[in-house]
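Thanks for coming. Please have a look at it first.

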Amino acid sequence: MVKGLKIRFEIHNILFSVYKFNKTLNNSSIKKKINKQKTEDISFLYNVTLNSMRFHLHCIKIIKKYIKKKLRDQEKILLISAITQIVFLDFKEYAVINCSVEIAKKLRLYPGLINASLKKIAKNKNDLKEIKINFSDFQSWFQKKTYSLSYFEKKQFLNYFYKEPDIHIVFKNEDKLSKFEDNLIRTSKISGFLLNKKDIQNKKSFINGDWWVQDFSSFLPLHNFQEKNNKKFLDACAAPGGKSFQILSKKHDVVLNDINKTRIKTLKDNLKRLQLSARILNRDFTKFDDKEKYDIIIIDAPCSAVGTIRKNPEILFKKNGPNFNELISLQENMLGKASTLLNKNGYIIYMVCSFLKIETVDQVDKFLKTNSNFLKADFKLVENEDNYLKLIKNNCMITMPNMILNCNIDGYFASYLKKIK
Ligand SMILES: C[S@@+](CC[C@H](N)C(=O)[O-])C[C@H]1O[C@@H](n2cnc3c(N)ncnc32)[C@H](O)[C@@H]1O
């Protein structure tokens, strides 16, 4: 058998299921397949799969330059992964072309076409590396939903959407950070970007439960939220737990809830490692009983997740876009439910890992219009960091996949909604 064929065939099948059947790499059947591979093959598989999804639009532009015939989905996926390896990952073209031809034979595609086009592409790979993406290259759902972005914001997105994410970590307290064994680019008294991204789960301080991984933009809203003790929190969509760990580290009383059993299991495992504990519920938040009231309700709502495009490149790779009707109405219902469970002078912290107007500003505006007993409270920076001022607009935090301190952060939105009556 040609060397590297088996793992490349697995990669092809995974990419095809993500594209065609709306799967994600976290899907349990895909995870099972991945975990069956040898350790060295697993990192190869993630490298090729994630980068094929990140660079798929670049690859499609390259394919259109060299192939005029309409391609079948399987051919397109096979070429995307091969071009990513040759042009963007600089792998030896001989091995990539050989394996791609063998896969084409197995799948009864045109091995001749795959062979000839990849050879031409490999010859010009240095020029092709420079190929640029425009907004008009994105899927039409994404173009429509980003109509309100400014020219500058669109340009920013184009610069960053296909880059590898950086790793931002959050410590339980300042003391734990001061004892950290590695170098960090500090973002606050208790957080920073890791300089060495390798093998992080084997670091002693990780195993000891001193810190967790959480994007800077998803960390800032709760870090910034100043609340006295003796307040009762509910994290309505808690799993896998980033926001919950922040609240628990501040020693607040909190109930954690999530509808998804598998994600609750991950939440529990994470809490165990971090030596934190809380009351945990596994319910549909929109059907919560109205008897128990809270002072602060965190809604980190299900959303399109476009803000996490660098960590989840599947979002723009899948053939079909997110189901916006379902997401928007779920977000609305969650906000409505939270309003009924909140004590006077309490807050809803509404957050989504999205920068799309329809899931962020529009949701908050609609909510405030129908709930005149609420107002948008100030989003003030506690650490008074000038670097972060650009992330705050109209009293909300809204970030694009962007950079601070030369490191990548996700697109994210947060608003503090106060119940005044
Ligand atoms: C963006 S994630 C939450 C991330 C989490 N807050 C964190 O910081 O790690 C959204 C979560 O909402 C949960 N969810 C979706 N619909 C829900 C519902 N009706 N009730 C409760 N949780 C729900 C999902 O299972 C998912 O875990």
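What radius of gyration would a compact globule with 421 residues have, and what does the protein chain have? The globule would be near 22 Å and the protein chain has 23 Å, which agrees. The radius is taken over C-alpha atoms, and the globule rule is 2.2 Å times the number of residues to the power 0.38.

Two notes before I go on. This is a predicted model: local features need pLDDT of at least 70, side-chain atom pairs count only at pLDDT 80 or more, and totals for chains, interfaces and linings use all residues. Residues are numbered from 1 along each chain as its sequence is written.

Now the overall picture. Along the principal axes, the C-alpha atoms of the protein chain fill a box of roughly 70 × 45 × 40 Å. The protein chain has 18 helices and 15 strands; these are DSSP runs numbered from the N terminus, with helices being H or I of at least four residues and strands being E of at least two. Of the 421 residues, 40% are buried. Buried means that 20 or more other C-beta atoms lie within 10 Å of the residue's own, exposed means 12 or fewer, and partly exposed is in between, with C-beta atoms placed from the backbone. Two residues are in contact if their C-beta atoms, placed from the backbone, lie within 7 Å. Among contacts between residues at least 6 apart in sequence, 71% join residues at least 24 apart.

Next, helix packing. Helix H4, residues 56-66, and helix H5, residues 73-88, have axes 9 Å apart and pack at an angle of about 100°. Axes are lines fitted to C-alpha atoms, for helices over the stretch in contact, and angles run from 0 to 180 degrees between N-to-C directions. H4 and H5 are therefore roughly perpendicular. For the wording, under 35 degrees is roughly parallel, over 145 roughly antiparallel, 65 to 115 roughly perpendicular, and the rest oblique. H4 brings His-56, Cys-59, Ile-62 and Ile-63 to this contact, and H5 brings Leu-79, Ile-80, Ile-83, Thr-84 and Val-87. By class, the contact of H4 with H5 has 7 nonpolar residues, 2 polar and no charged. Here Ala, Val, Leu, Ile, Met, Phe, Trp, Tyr, Cys and Pro count as nonpolar, Asp, Glu, Lys and Arg as charged, and the others, Gly among them, as polar.

How do H5 and H6 lie to each other, roughly parallel or roughly antiparallel? They are roughly antiparallel, since the axes of H5 and helix H6, residues 93-106, cross at roughly 170° and come within 9 Å. From H5, the residues Leu-78, Ala-82, Gln-85 and Ile-86 meet Glu-93, Val-96, Ser-100, Ile-103 and Ala-104 of H6. The contact of H5 with H6 divides into 6 nonpolar, 2 polar and 1 charged.

Among the buried ones are Phe-216, Phe-219, Leu-220 and His-223.

Now the ligand. Which residues come nearest to it? Of the 18 around it, these are Cys-237, Gly-242, Asn-260, Phe-285 and Asp-300; a residue is near a molecule or strand if its C-beta atom, placed from the backbone, lies within 6 Å of it. The shell has 8 nonpolar, 5 polar and 5 charged residues.

A few backbone details. Ala-239 and Pro-240 are joined by a cis peptide bond, with omega about 5°. Pro-240 sits in the loop between strand S5 (232-235) and helix H14 (242-249). Lys-251 is not glycine, yet its phi is positive, near 65°. Lys-251 is in the loop between H14 and strand S6 (253-257), and is exposed, with 10 other C-beta atoms within 10 Å. Asn-345, in strand S9 (residues 342-352), also has a positive phi, near 70°.

Last, is Ile-309 buried or exposed? Ile-309 counts as buried because it has 27 C-beta neighbours inside 10 Å. Its place is the loop between strand S8 (294-300) and helix H16 (314-317). Leaving aside neighbours within four places in sequence, Ile-309 is in contact with Phe-161, Ile-315, Leu-316 and Pro-401. Ile-309 and Pro-165 are 144 residues apart along the chain, and their C-alpha atoms are separated by 9.1 Å.
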